[in-house]
Amino acid sequence: MRQLNAVNISRPDTAAMLLLCSLVLSGCGQQPANNTQTATAPQTAKIQPANWPLQQAPIARSAAIEAKVSALLAQMSAGQKVGQLIQADIASVTPQQVRDYYLGSVLNGGNSAPGRDNRVGAAAWLELADAFWQASTDTSDGRPYIPAIWGTDAVHGHSNVKGATIFPHNIGLGAMHEPELLRAIGRATAIEMQVTGLDWTFAPTIAVARDDRWGRTYESYSEDPALVASYAPYILQGIQGEPGAADFLRGEHMLATVKHFLGDGGTVGGKDQGDSIDSEAQLRDIHALPYYSAVKAGARVVMASYNSWHGSKMHGFAPMLTDVLVGRMGFDGFVVGDWNGHGQITGCTPTDCAASLLAGLDMYMAPDSWQTLYANTLAQVKDGRISMARLDEAVSRILRIKAEMGLFDQVKPSARPLAGRYELLGNAQHRALAREAARKSLVLLKNNQQLLPLQPTGRVLVAGDGADNIGKQSGGWTLSWQGSGNSNSDFPNGESIYSGIKQAVEAGGGSVELSENGRFSAKPDVAIVVFGEEPYAEFIGDRSHLAFDDNRGLQILTALKAQGIPTVSVFLSGRPLWVNPELNQSDAFVAAFLPGTEGGAIADLLFRSPTGEIQHDFQGRLSFSWPDNATGEPLNVGDTNYKPLFAYGYGLNYSDNTTLAALHEQAGISAAEMLNTSRYLYAGKAVTPWQLQLLDEGKVTVVTDALHTSANGALTAQATDRLQQEDSVTLSFIKSGAVALALADGAVLDLARQANGDMALELEYQVVALGDNSKVMLGMQCGENCASALDISTQLAQMQGKGWHSIKIALRCFSEADSNFAISRVTHPMLLQSSAGVVLQLANVRLAQNEGNATCGN
C-alpha cells in the first residue's frame, strides 16, 4: 500500500483526518418444466396436503426403543423434557449449564470453537465433547441417563477442525454427475468427525438453488431437482449408513441432517431467509423432490428453513412441518430449527416462541437465547399453552433418534474406537478421495486451439491471488463461518493450486514461477491465472447481480495476452458468474468452483504426465446454467426463452476441437452496479473489493475474522449479532491518537454524479458507549494528501442507549468542508476516527438517497 504524507491545512477536523491518513499503509434426470418465478404471487397460497405424494415411513419403529422412550418419559420432569428441546451454542453455554438445564443438545456455530479459537487443535474438540457428555449424563441427583448430542456444520468435510479433509463444495460435486462418490465422502466425513468426539452434522444441504444471486448457491448440488434428489441418498447414507444395517447411525456412521425445509433455494431475488412465492406445485415438484428421496433413504433429522412461503415462515408453518413432512413424506425423525429461526415468526422472539413447537418444530436452535427460552417454554408447558401431549411428542422424537444412535449404551466420546486417532484427520485415503472429487468436479468451458493439456516440460507462470491460497479455493464454512482469515499454514494437510502445479511441472522437467500480480522474471511459455470470489457464507454472499466485480484477474490476463503468452484461467466461485471479459482474454478457461484443500487436482487435469500421456480428462458438466448477462435474473434449464451462455450439462473434453468465438461484453447492468459503488459494508462484513481495516499508528490490520485487534491494541473489531448471526461488527476504541476504522483497497470511485444527485453516505449503527467529551469524525479519502472529515459526535451522543439508528451524511458535505477534496476519485469511502472509550456497533455502510434527513455533521 501507499505511504501517505501529511500536509498542513487550516481546518482542524480535516487536519486530524489527514494526519491519520498520513499514517495509513494505504444432466442428470428428467428436467423440470418451465418454472420461471414471476414477480407476483399466485392468487391462492395454501398448502393442500392431499396434493402431495403419500410415502410410508421407511424405518419401522423398534419395540425395544419405544419401550425405552416410554420409560424415560415416565421418569422425566417437565423441566427435564423442556431441556431436551433446547440446543445451545458452545460459545454461550458451559457443561455445568447443560447439566443444570437438562439440555439435550449443543452446537458450535460457524465461528464457535473450543476456547473461541477457530484454529485450535483437534484435541481441544475431543476434550470439550467429553465435558458436555459427562455433564449431561451425571445422574447423581436421580435424573434419567440421557446424553446430550453435539451438532456442527460439517458441510464439506469436518470443515471446522484444523487438519481435516476439506472436500469440494456441493456445486462442484453436482458437476461430477457421479452420486456414488458422495457415499465415500459422507463416510470419510463421519469418520473424521468422530475422531474429535462429535456425533451429529448439519449436512447435507439438499436445496435446489434457482436464483444464483443467493449466497448459499454453492451449497446446492444443482438447479435441477432430479439431480439433487439422485444425490441425496448417497451422501446421507454415506454419513448415516443404510437403514436396517447393524452400523446404521453407529460404528463409522453418525447422525446427519437434511436442510433446509422448504424452499430456501427459491426465494425472490435469491435473498437468503427471504420469501418464496412459488406455487404449491412448484414447491412440491422442485424443492421437495430431494426430501422425498432423503426421507426414503433414512433421514432422521430435518432442519427447518429460514425462508417463508407467501409470507409464512417455515419455522412456524404447520402445513409443511407437520401435514406434509410427517403426514405425507413419512418422516419419523425430529425437526431442528436454524440459528434462532423461531424468533422470526410473527409474534415470537428468540426467547419466546411456543408457536414454533406447536407447528411441528421439535428442537429449538437457540444458540445465545437458550436460557430465557427454556424458562419461557417451561412456563408455557405449566400453564397449558403448550400441551403435555405435544411436549411428549417432541421429546419422544428426540429420544427415539438418540436410542437409534445407540447413545444410551455409549461411553464418553474419548473412549470410543475412532476418538483421538488424529492420524485419520486428512489421512492419505481421505485426501485421495477429495482429490478425485475435485478433479471430477472441474468443468472445462473453453479450450481454443486445444491448448490443454499442457506439457510439463516448459516454463510456466502461475499468477492470481487464488493461486497459492488454500482458504480461497476452499470457500466459506472453512475453519471460520465465512471462510475468511485463513492462511495456508492453517491447512497442514492441504495443498494449494500452485503447489500442485509446481510438483507436476517439476516432475516433468519444467520450471514454475509464482507471481500474484502476473509479472515475471523470464517470459513463460504459458500462464495459469487463478482468481475468483472471496469466501463467504449465507446471507453475506447474497448479491444483486452476477457480474464478477473483481478486475484483478482480468488485468493480469489482458497484460499477458498483449505479450503473446497463452493463458489458462482457473476460476474459483460459488456460483456461475458473468465473466465474458475474462473468457475473452483466456485461451482456456476452467470453472473450478470451490475445490477444497486438494489443489493438486487442478494440475492432474491441466498437465500431461512426465512422459507425455494424458493423465485425466475433464469429466465435469455444469449442474447450473451459466449466464450470458450479469443481471442475475433466474436462469434454469426448462425455462421459457432459456438462453444461457453455457447450458446445463455443458463441459468440454480434451477430444473436443471447439473454438469459442469472441463473446460480447455487454453486462446488462451499469458499471456503477458492477463496481459496488454504493455498498461498502453489509451485515458487518466488507463488500468486495473493499476491506475493513483497523489503522493504528501507521499499521494496518485487515479484518477477516470474527475478532481482530489493531497492531498496537488501540482498536478492536468483533463480529456480533444484531438480527442474525454475526450481522454487525462492534468497534471498541481503546486508545486515542492516529487510530481509525477504514473501508479501503477497492477501485477508485467517481462519486461526482452521486454527489450532484444529493446522495448520502449512510451508516447503520448503535452507540454502545460514549463518554461526555468523546469526539467521532467521519471522513472520506481521495488519495495522497486528500481527505475530508466531519464531526458526528453530537448526533451519536443524542442516540446513546437508544438502540439502532442510521446517520446520513450528504456527499456534497465532504466537498463543502474542504475545497481540495476530490469526490471524483474516492479511494476510501469511509474513515471513522474516535477518541478512546467509544464503542459503536456497525451493521451497514452504503450510499443512499437523501430523503431530507441527511446532514453535514455537527
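A disulfide is a pair of cysteine sulfur atoms within 2.5 Å. In this predicted model, the count by that rule comes to 3 disulfides.

**Cys348 and Cys353**
- The sulfur atoms of Cys348 and Cys353 lie 2.2 Å apart, and the two residues form a disulfide.
- This link of Cys348 and Cys353 is right-handed, with 70° about the S-S bond.
- Cys348 and Cys353 are both buried.

**Cys782 and Cys786**
- Cys782 is joined to Cys786 by a disulfide with an S to S distance of 1.4 Å.
- The disulfide of Cys782 and Cys786 is left-handed because the torsion about its S-S bond is about -75°.
- Cys782 has a relative accessible area of 3% and is buried; Cys786, at 4% relative accessibility, also counts as buried.

**Cys813 and Cys856**
- A further disulfide connects Cys813 with Cys856, at 1.9 Å from S to S.
- The torsion about the S-S bond of Cys813 and Cys856 is about -70°, so this disulfide is left-handed.
- The pair links distant parts of the chain, 43 residues apart: Cys813 belongs to helix 24 (residues 811-817), while Cys856 lies in the segment after strand 31 (839-849).
- Cys813 counts as buried because its relative accessibility is 1%, under the cut-off of 20%.
- Cys856 has a relative accessible area of 32% and is therefore partly exposed, as this value falls between the cut-offs of 20% and 50%.

Terms used. Residues are numbered from 1 along each chain as its sequence is written. This is a predicted model: local features need pLDDT of at least 70, side-chain atom pairs count only at pLDDT 80 or more; totals for chains, interfaces and linings use all residues. Side-chain values use heavy atoms; hydrogens and water are left out. Buried means under 20% relative accessible area, exposed over 50%, partly exposed in between (1.4 Å probe, protein chains only). Helices (H or I, at least four residues) and strands (E, at least two) are DSSP runs, numbered from the N terminus.
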